[in-house]
Amino acid sequence: VAPEPFRVDSLLDKLMYDIIARRLADAEDCPDAVRRYFSARADATNMLIALRVGAMGQDADFAQRLFVTGGTIAPDALGAVVAEPGKLLPLVRYQPFEAHVRRGLEFFEQGEGLAPMEKQLEDYGLSIFRAHRYDTDSILPLVGYLLAREREASAVRLVVTAKAAKVSEDALSKRMRRLYMD
C-alpha cells in the first residue's frame with residue numbers, strides 16, 4: 001500500500017518543526033528576528049492546515065494530528081478554525097501578521113483557495129528580514145538574501161508554469177510573492 005502524500009508531507013513538516021524548535025532552544029546567540037520568523041512559519045503552517053483540513057471535509061481531531069510545534073497560536077484553539085474559518089481572526093488579533101491573515105482570509109472566503117493566504121504569510125515572513133537589510137553587524141541581511149533568492153527562484157518557476165498552463169496575468173499576479181527588494 002502506497003503512503004498518502006498528504007500524510008507523508010505532514011510527518012515531514014512535524015519532524016522539521018521539531019528539529020527547528022530544538023535547535024532554536026539550544027542557540028543562545030540566535031537573533032530575535034530568526035526566532036520570530038520560525039515562530040511565524042509554524043503558525044502559518046498550522047493556520048493553513050486548519051483551513052485545508054476544513055476544506056477537505058475532515059474534523060478538528062484530524063487537524064490536531066497534523067499541527068506542528070513552535071508557533072504562538074495554541075493548536076487546540078486552531079481546531080475550531082477547521083469547522084469555521086472565520087474563527088481564525090480572533091486568534092491572530094494583535095499578532096504581527098494579523099493584517100496578512102486578514103487579507104488572505106478574505107480571498108479564501110471569496111473562493112480563491114489557499115494560495116493567496118500562503119502568499120500573504122510568506123510576505124510577512126520575508127518582511128521580518130527586510131527590516132534588517134542594511135544591518136552591518138548581524139547575519140540577518142545574509143538570511144534575508146538567501147530567502148530572497150529562494151523567492152526569486154520560486155517566482156520564475158511560477159511564471160514558467162503559468163505561461164505553460166496559459167494562466168491569465170491577473171491570476172498569476174495574485175499568486176506572485178513580494179520580492180525582497182520591493
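Is Glu118 buried, partly exposed or exposed, judged by its relative accessibility? I find that Glu118 counts as partly exposed because its relative accessibility is 26%, where buried means under 20% relative accessible area, exposed means over 50%, and partly exposed lies in between (1.4 Å probe, protein chains only).

Before going on, I note that this is a predicted model, in which local features need pLDDT of at least 70 and side-chain atom pairs count only at pLDDT 80 or more, while totals for chains, interfaces and linings use all residues. Residues are numbered from 1 along each chain as its sequence is written, and side-chain values use heavy atoms, with hydrogens and water left out.

I looked up salt bridges (a side-chain nitrogen of Lys or Arg within 4 Å of a carboxyl oxygen of Asp or Glu), and the structure holds seven of them.

One of them joins Glu118 to Arg52, with the closest N and O atoms 3.6 Å apart. This pair links distant parts of the chain, since Glu118 sits in helix 7 (residues 115-130) and Arg52 in helix 2, 66 residues apart; I take helices as DSSP runs (H or I, at least four residues), numbered from the N terminus. Arg52 is partly exposed, at a relative accessible area of 30%.

Next I checked Arg36 and Asp32, whose side chains meet in a salt bridge at 3.1 Å, N to O, and which both lie in helix 2 (residues 32-55), four residues apart.

Finally, I found a salt bridge between Asp123 and Lys119 (3.1 Å, N to O), both of them buried, and a network of salt bridges that links Lys119, Asp123 and Arg151.

Definitions and conventions:
Helices (H or I, at least four residues) and strands (E, at least two) are DSSP runs, numbered from the N terminus.
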